[in-house]
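Hello,

Here is the structure I promised to pass on to you. Please have a look at it first, and my notes follow below.

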Amino acid sequence: MGEMDGLEVTDCTKCPELVDCRSRIVNGTGPADADVVFVGEGPGEQEDREGEPFVGRSGTILDDKLRDRGLARQDVRITNCVRCRPPENRDPTGEELDNCFPYLESEIEQVDPELIITLGKVPSQHLLDRDVAVTKEAGSIEQAELGGAVRDVLICVHPAATLYDRSQEETLDAALDKAAAMADGDSNGQSQLGDF
């Protein structure tokens with residue numbers, strides 16, 4: 001069984017193949033009370049090396065897009081469905097996703113975000129628990145019970161998709177526009193809620 005200290009998973013041996021492949025456990029980064037949480041699939045080679053999610057090319061794209069919208073990486077929380085790099089960057093298996101899910105749930109519960117954004121097919125399907133046609137459904141918001149509450153989940157394409165298919169860029173932009181609006185309009189929404 002794994003151990004979790006606050007938002008950090010410090011020790012876990014639930015997935016033998018991932019334990020063999022990883023050089024470290026890659027935890028989420030960003031504020032412990034972020035309004036927006038991005039959820040990716042899992043660490044790649046660079047993430048495994050640096051111990052931080054989305055530091056490769058797709059991370060650069062995400063950072064640039066956030067900056068264009070007045071959001072800094074340090075304003076949002078970025079995490080993954082699995083915290084250890086799968087061998088050869090293969091997709092995590094259903095079992096691996098399930099093994100890591102309690103950590104993600106715990107993280108979401110503690111951060112208590114206004115909005116969760118799934119980056120790509122694996123996190124979208126995992127959090128919504130159904131098949132998702134990401135390109136078609138990107139930009140749509142659904143409710144899902146995660147981390148002890150019903151939360152808004154915004155389906156989004158993976159930032160790396162824009163490298164292979166320029167038309168995906170508009171889809172990513174539209175989703176991040178929504179995220180920025182929600183991150184921005186938050187303070188008003190919350191104070192009004194506090195009056196009831």
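With a relative accessible area of 48%, D112 is partly exposed. Please keep in mind that this is a predicted model.

E88 is not a glycine, yet it has a positive phi of about 55°. Its place is the loop between β4 (77-80) and α4. Is E88 buried or exposed? E88 is exposed, because its relative accessible area is 76% and the cut-off for that word is over 50%.

**The chain as a whole**

The chain has nine helices and seven strands. Its radius of gyration is 16 Å, close to the 16 Å that the globule rule gives for 196 residues, so the chain is as compact as a globular protein of that length. Taken along the principal axes, the C-alpha atoms fill a box of roughly 50 × 40 × 30 Å. Of the 196 residues, 47% count as buried. The chain exposes about 9500 Å², and carbon and sulfur atoms supply 44% of that area. If you look at contacts between residues at least 6 apart in sequence, 68% of them join residues at least 24 apart.

**The start of the chain**

G2 lies in the segment before β1 (3-5). This glycine is buried, because its relative accessible area is 17% and buried means under 20%. Which residues does G2 touch, leaving aside those up to four places away in sequence? They are D11, C12, K14 and Y103. G2 and C100 are 98 residues apart in sequence, while their C-alpha atoms are 9.1 Å apart in space.

**The cavity**

How many cavities of 30 Å³ or more does a search of the whole structure find? The search finds one. The largest cavity has a volume of about 120 Å³. Its lining is made of 15 residues, and those nearest its centre are C12, C15, L18, C84 and C100. Both α1 (16-21) and α4 (94-111) supply at least two residues of this lining. The largest share, four residues, comes from α4. By class, the lining of the largest cavity divides into 10 nonpolar, one polar and four charged residues.

The largest pocket holds about 490 Å³ of space. It is lined by 22 residues, of which G42, G44, E47, S58 and H158 lie nearest its centre. The elements that give two or more residues to this lining are α2 (45-50), α3 (57-68) and α7 (161-164). Which of the elements gives the most to the lining of the largest pocket? That is α2, with three residues. The classes here are eight nonpolar, eight polar and six charged residues.

Best wishes

Conventions
Residues are numbered from 1 along each chain as its sequence is written. This is a predicted model: local features need pLDDT of at least 70, side-chain atom pairs count only at pLDDT 80 or more; totals for chains, interfaces and linings use all residues. Side-chain values use heavy atoms; hydrogens and water are left out. On a 1 Å grid over the protein atoms alone, a cavity is a set of points where a 1.4 Å probe fits but cannot get out, and a pocket is an open set with protein on both sides within 12 Å along at least five of seven lines; lining residues have an atom within 4 Å of a point. Grid points are joined across faces, edges and corners, and a volume is the space filled by probe spheres set on the points. Ala, Val, Leu, Ile, Met, Phe, Trp, Tyr, Cys and Pro count as nonpolar, Asp, Glu, Lys and Arg as charged, and the others, Gly among them, as polar. The radius of gyration is taken over C-alpha atoms; the globule rule is 2.2 Å times the number of residues to the power 0.38. Buried means under 20% relative accessible area, exposed over 50%, partly exposed in between (1.4 Å probe, protein chains only). Contact means heavy atoms within 4.5 Å. Accessible areas come from the Shrake-Rupley method with a 1.4 Å probe; for residues, only the protein chains shown count as cover.
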